[in-house]
Amino acid sequence: MTKIAVVPGSFDPVTLGHLDVIRRAADIFDEVHVLVVHNPGKDAMLPISERVGLIQKALDEDPQMPRNILVASWSVGLLVDYCTEVGASVLVKGIRSQIDVAYETPMVIMNRSLAGVETVFLLPDPGHAHVSSTLVRQVSALGGDVSPYVPPAVARFLAKTRPA
């Protein structure tokens, strides 16, 4: 039986920390769905379709990335509805700190209660633990170099969309 996991997030934009978690999830599970979800609590910089495209580009450009990864989006309904639809029994979340654990814990319990979907936390590589999409957006908007924190496809995209 194929073990399917979902790595959900807003990925606005995808960072090297995200890719680290995705890569390690793909080494553990037979199939990994990277799921771009709408977060009503955040004002997105990029439309969902653009985020999906940038993630796919980043995966395609990385020769070390396993090929058992599918990128999709989900903006209507519960995350566990998507899991049920694709046969996934596990969510994989990258966590950077105790703050992330405290934020994620109620959702973990609810997802297990609603659909029997378990959650696995993966800690990022220490070199990425301080990076968030929010910080990347802020640094980029102010003209800073974000290339150490994002895949090349994202760095190119942000460089050409940055105001002059």
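Arginine 112 and glutamate 118 form a salt bridge (a side-chain nitrogen of Lys or Arg within 4 Å of a carboxyl oxygen of Asp or Glu), with 3.2 Å between the closest N and O atoms. Arginine 112 is partly exposed at a relative accessible area of 40%, and glutamate 118 is likewise partly exposed at 37%; buried denotes under 20% relative accessible area, exposed over 50%, and partly exposed the range in between (1.4 Å probe, protein chains only). The model is predicted, with local features requiring pLDDT of at least 70 and side-chain atom pairs counting only at pLDDT 80 or more, whereas totals for chains, interfaces and linings use all residues. Residues are numbered from 1 along each chain as its sequence is written, and side-chain values use heavy atoms, leaving out hydrogens and water.

Eight salt bridges are counted under this criterion. One of these joins aspartate 12 to arginine 137, with the closest N and O atoms 3.7 Å apart. Aspartate 12 lies in the loop between strand S1 (4-9) and helix H1 (16-28), and arginine 137 in helix H5 (residues 133-141), so that the pair links distant parts of the chain, 125 residues apart; helices (H or I, at least four residues) and strands (E, at least two) are DSSP runs numbered from the N terminus. Aspartate 12 is buried, its relative accessible area being 3%.

A single aromatic pair is present. The ring centres of tryptophan 74 and tyrosine 82 are 5.3 Å apart with planes at 70°, and the pair is therefore edge-to-face (rings of Phe, Tyr and Trp, the latter by its six-membered ring, pair with centres within 6.5 Å; planes under 30 degrees apart are stacked, over 60 edge-to-face, the rest tilted).
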